[in-house]
Amino acid sequence: MAVNEGMSSLSDHLFGSGMAVYAAAMLGYAAEFAFSRLGTRSAAADAGAAEGSAAGATSVDAAAEVPAARVAAGQPAVLVGVGAAADAGAGAGAGAGAGAATAAPTAADRTGEIEAVRQRDRAAHTLSAGNDGDVEVPARARWIGRIAVWLTVVGWALHLSSVVTRGVAADRVPWGNMYEYSSMICLIAVTTFLGLMIRHNVRWLGVFIMVPVVLYLGFAGTVLYVAPGPLVPALNSYWLKIHVVGAILASGIFLVSAVTTLLFLLKERWENRLAEVAAGRAEANRAMQNRGGIVMRLPSSAALDTLTYRVIAFAFPIWTFAIIAGAIWAEAAWGRYWGWDPKETWSFITWVCYAAYLHARATAGWRGRRAAAISLVAFCALFVDYYLVNLVINGLHSYAGV
């Protein structure tokens, strides 16, 4: 059947428009972080000035403090910089009036407070504290974040329309080549993010999802793009609607898990550094003095670790189903279920890596960096399975082409 050129052109325009709106949403999420950080730094500076006039604390005393009041109030600990924070300022003012007990906390006190907060975070596994509940996000930052969410929804609608019109233009399912497959993976990743938004306040995740999605779509639209056309005979099967759909769903969700894994490593490194500063073994850097910036707006590393586990646990059965469906399709097409073709081999390696992650997490109790390392290895295997196998290595699946 001839390609509908009008629908094909409309699909391309919707694709470009959706990518542009995604980029605007990405900038919106980044701006929310930036304004929140500026507002936080301003509040910390004001509090520091107030305490300086009340107690005249030295720079050594305020170099790295974790206020005990926050632990007692059930709020995350915050490292205050050279100016000290509102909590410390209030405590110092009261101490100066009484003329007693205004000395800085000991290293043991600081370490104990840090550990108490980390244990509470591990128990709560909260994902909703986008700014760790520490400072009030400025109103303009909240509005920018809400606008970014709406832009994400609009971009998702344009993206979905691009996929639908592409299928109408070619009169087939719109995942018959790498350009279409890449577009679908990005669509699933954004859908996963929006789905998480419905259940949890994970707006902090937006910028970190939008960055790879925009880059991925840009690569697909420039390097991988091909005009719509009929499927090659080897793909013209109803199994394409079953096997490839499963692979697309799992790949898009695994992309989200890779992002949360990297954020976990970043947050854990920050928390470890925070504990060292609180124990007096290191000095507070500029980000800590400004109350953390972007990193402080992330949930605890324990919460990110749990989120990664749940996302992978959701996607893994879908990937398993895709492999099984592919084996059944291979038997119908080539007369054997499994032949260790490069695509089959790397799909199985990916499956083994994610299975090892879930097994180690559930039975061996592997958490933290060791589990994160397996997660990243699994995603790298998925990357090889998709890009290198399709673009570099020749095999029975090379017909998908670019």
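**Exercise 1. The lining of the largest pocket**

Task: In this predicted model, find which helix gives the most residues to the lining of the largest pocket.

Solution: 
1. Helices that each supply at least two lining residues are H6 (178-199), H7 (206-222), H8 (240-278), H10 (301-334), H11 (342-362) and H12 (369-391).
2. Of these, H10 gives the most, with nine residues.
3. The pocket holds about 840 Å³ of space. Among its 40 lining residues, Tyr181, Ala247, Lys343, Tyr386 and Asn390 are the closest to its centre.
4. Sorted by class, the lining has 29 nonpolar, eight polar and three charged residues.

**Exercise 2. The length of H7**

Solution: 
1. The buried residues of H7 are Gly206, Val207, Ile209, Met210, Val213, Val214, Tyr216, Leu217 and Ala220.
2. In an α-helix, residues three or four places apart point the same way, because there are 3.6 residues a turn.

**Exercise 3. The setting of Leu205**

Task: Decide whether Leu205 is buried or exposed, and list its contacts beyond four places in sequence.

Solution: 
1. Leu205 sits in the loop between H6 and H7.
2. Its relative accessibility is 0%, so Leu205 counts as buried; the cut-off for buried is under 20%.
3. With neighbours within four places in sequence set aside, Leu205 contacts Phe193, Leu196, Val259, Thr260 and Leu263.
4. Leu205 and Val256 are 51 residues apart in sequence, and their C-alpha atoms are 9.4 Å apart in space.

Terms used
Residues are numbered from 1 along each chain as its sequence is written. This is a predicted model: local features need pLDDT of at least 70, side-chain atom pairs count only at pLDDT 80 or more; totals for chains, interfaces and linings use all residues. Side-chain values use heavy atoms; hydrogens and water are left out. On a 1 Å grid over the protein atoms alone, a cavity is a set of points where a 1.4 Å probe fits but cannot get out, and a pocket is an open set with protein on both sides within 12 Å along at least five of seven lines; lining residues have an atom within 4 Å of a point. Grid points are joined across faces, edges and corners, and a volume is the space filled by probe spheres set on the points. Helices (H or I, at least four residues) and strands (E, at least two) are DSSP runs, numbered from the N terminus. Ala, Val, Leu, Ile, Met, Phe, Trp, Tyr, Cys and Pro count as nonpolar, Asp, Glu, Lys and Arg as charged, and the others, Gly among them, as polar. Buried means under 20% relative accessible area, exposed over 50%, partly exposed in between (1.4 Å probe, protein chains only). Contact means heavy atoms within 4.5 Å.
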